[in-house]
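Please look at the model below before reading on, and keep it open beside the text. The report is meant to be read with the structure in view.

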Amino acid sequence: MASKDEKNLAQVIDKIAKMDEPERSLMQRVHEVILIAVPSLKPRIWYGMPAYAQSASTPALVTLRNDERVNLALTEKVTLRPAGGSDGALMPAAWYFDSIDETTEQRITEIVRSAVF
């Protein structure tokens, strides 16, 4: 019998697999980058989106959304910090992208790690 974590992971993989290209490949790669960045995160569906949490029973910290563009977002459960500089008190919490390269993968890794640690 599959564990809750295994069932949740299967649901996320299935959700991504049902997407159209090129978003499917993009979402699959971001999913992989997130799990490499913080292997302890548990994927699951959160409000209809692939999401990642500390455990199967805790709120999601990071979500992946595929609407008009792919969106990586931090949830309200993450400690957000003002950006400073020209962004002043604004707190970065979401990033849109339509392709992925090494620089983007590195930034996603930083974002996900900052949400967890």
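Predicted model: local features only at pLDDT ≥ 70, side-chain atom pairs only at ≥ 80, totals over all residues.

Five strands make up an open sheet, arranged in the order β1-β2-β3-β4-β5, and their pairing is antiparallel. At the edges lie β1, which covers residues 42–46, and β5, which covers residues 94–97, and each of these pairs on one side only. From one strand to the next, the twist averages 25 degrees. As a matter of background, strands of a sheet pair through backbone hydrogen bonds, in either a parallel or an antiparallel manner.

At one end of the order, β1 is joined to β2 by five bridges, with the two strands running antiparallel, and Pro 43 stands opposite Tyr 52 of β2. The hairpin of these two strands has two residues between them, and in this hairpin Tyr 47 takes a positive phi near 50 degrees. At the other end, strand β4, made of residues 70–74, is connected to β5 by four bridges in an antiparallel arrangement, where Val 70 has Phe 97 of β5 as its bridge partner.

Besides its pairing with β1, β2 pairs with strand β3, residues 60–66, in the antiparallel sense over three bridges. Within this pairing, Ala 53 stands opposite Ala 60 in β3, and the hairpin that joins β2 to β3 passes through six residues.

## Salt bridges

The structure holds seven salt bridges. One of them links Arg 107 to Glu 110, with a distance of 3.2 Å from N to O. These two residues are three residues apart in helix α3, which means that about one helical turn separates them. Arg 107 is partly exposed at a relative accessible area of 40%, and Glu 110 is likewise partly exposed, at 46%.

Another salt bridge is formed by Glu 21 and Arg 24, whose closest N and O atoms are 3.0 Å apart; Glu 21 is partly exposed, with a relative accessible area of 41%, and Arg 24 is partly exposed, with 30%. The side chains of Arg 65 and Asp 67 also meet in a salt bridge, at 2.3 Å from N to O, and here Arg 65 counts as partly exposed at 41% relative accessibility, as does Asp 67 at 47%.

## The largest pocket

The largest pocket holds about 190 Å³ of space. Its lining consists of 13 residues, among which Leu 74, Arg 81, Pro 92, Trp 95 and Ser 114 lie nearest the centre of the pocket. By residue class, the lining divides into eight nonpolar, two polar and three charged residues.

Which helix gives the most to the lining of the largest pocket? The answer is helix α3, residues 102–116, which contributes four residues to that lining. Helix α3 is also the helix in which Arg 107 and Glu 110 are placed three residues apart.

How values were computed:
Residues numbered from 1 in each chain as written. Heavy atoms only, no water. 1 Å grid on protein atoms, 1.4 Å probe; cavity = no way out; pocket = protein on both sides within 12 Å on 5 of 7 lines; lining within 4 Å. Points joined across faces, edges and corners; volume = space filled by probe spheres on them. Nonpolar A, V, L, I, M, F, W, Y, C, P; charged D, E, K, R; others polar. Salt bridge = Lys/Arg side-chain N within 4 Å of Asp/Glu carboxyl O. Buried < 20%, exposed > 50% of the residue type's maximum accessible area, 1.4 Å probe, protein only. Pairing = 2+ DSSP bridges. Axes fitted to C-alpha atoms, helices over the stretch in contact; angles between N-to-C directions.
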